[in-house]
Amino acid sequence: MNIESCSKRRFKSENEARKERGWAESEYNQKFNIYRCGDCNDWHLASIK
Ligand SMILES: [Zn+2]
C-alpha cells in the first residue's frame with residue numbers, strides 16, 4: 001500500500017474528479033490524468049509531464 005499517494009486529494013467519484021480537473025487545468029495551466037487508486041479505491045488527479 002502506498003499511503004503517500006493517498007495523502008493528496010481524493011475524490012469519491014470519477015465525475016467529481018473530472019470537475020476538479022477542469023478547475024486544476026486552468027489554475028495550473030497543466031494537464032491532469034484521472035485514475036482510480038487501487039489503494040484507497042478513490043480517484044486521484046495525476047499531473048501529466
Ligand atoms: Zn489512493
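Trainee: What holds the zinc ion?
Mentor: The zinc ion is coordinated by Cys6 (SG), Cys37 (SG), Cys40 (SG) and His44 (NE2), at 2.2 to 2.4 Å. Donors here are N, O and S atoms within 2.8 Å of the metal (3.2 Å for Na, K and Ca); water is not among the atoms, so sites may look incomplete. This is a predicted model: local features need pLDDT of at least 70, side-chain atom pairs count only at pLDDT 80 or more, and totals for chains, interfaces and linings use all residues. Residues are numbered from 1 along each chain as its sequence is written, and side-chain values use heavy atoms, with hydrogens and water left out.

Trainee: What geometry does the site of the zinc ion have?
Mentor: Tetrahedral, with angles of 101 to 122 degrees among the four donor atoms. Four donors get that label if all angles lie between 85 and 135 degrees.

Trainee: And what spacing do the donors follow along the chain?
Mentor: C-x30-C-x2-C-x3-H. Cysteine 6 and cysteine 37 link distant parts of the chain, 31 residues apart. Cysteine 6 sits in the segment before helix H1 (14-28). Cysteine 37 is in the loop between strand S1 (32-36) and strand S2 (43-47). Helices (H or I, at least four residues) and strands (E, at least two) are DSSP runs, numbered from the N terminus.

Trainee: Is cysteine 6 buried or exposed?
Mentor: Buried, at 11% relative accessible area. Buried means under 20%, exposed over 50%, partly exposed in between (1.4 Å probe, protein chains only). Cysteine 37 is buried too, at 5%.

Trainee: Where is histidine 44?
Mentor: In strand S2. Histidine 44 is buried, with a relative accessible area of 0%. A polar atom of its side chain lies 2.8 Å from the backbone oxygen of arginine 9.

Trainee: New topic. How many aromatic pairs does the structure hold?
Mentor: Two. Rings of Phe, Tyr and Trp (its six-membered ring) pair if their centres lie within 6.5 Å; planes under 30 degrees apart count as stacked, over 60 as edge-to-face and the rest as tilted. Tryptophan 23 and tyrosine 28 have ring centres 6.2 Å apart and planes at 90 degrees, so they are edge-to-face. Tyrosine 28 and phenylalanine 32 also have centres 6.2 Å apart, with planes at 65 degrees, so that pair is edge-to-face. Together, ring pairs link Trp23, Tyr28 and Phe32 into a cluster.

Trainee: Is phenylalanine 32 buried or exposed?
Mentor: Buried, at 10%. Tyrosine 28 is exposed at 51%, and tryptophan 23 is partly exposed at 41%.

Trainee: On to the helix. Which residues of H1 are buried?
Mentor: Ala17, Glu20 and Ala24. They cover an arc of only 70 degrees around the axis, which puts them on the same side of H1. That arc is taken from the directions from the helix axis to the C-beta atoms. On the other side of H1, Asn15, Lys19 and Ser26 are exposed.

Trainee: How far apart are the end C-alpha atoms of H1?
Mentor: 20 Å. At 1.5 Å a residue, its 15 residues should span 21 Å, which agrees. The expected span is 1.5 Å times one less than the number of residues.

Trainee: Last one. What is phi of asparagine 29?
Mentor: Near 50 degrees, a positive value in a residue other than glycine. Most residues other than glycine have a negative phi. Asparagine 29 is in the loop between H1 and S1 and is exposed at 71%. Asparagine 41 also has a positive phi, about 70 degrees, although it is not a glycine. Asparagine 41 is in the loop between S1 and S2 and is partly exposed at 47%.

Notes. Tetrahedral: all angles 85-135°; square planar, octahedral: opposite > 155°, others 65-115°. Polar contact = N/O pair within 3.5 Å; in protein donor to acceptor, adjacent residues only side chain to side chain.
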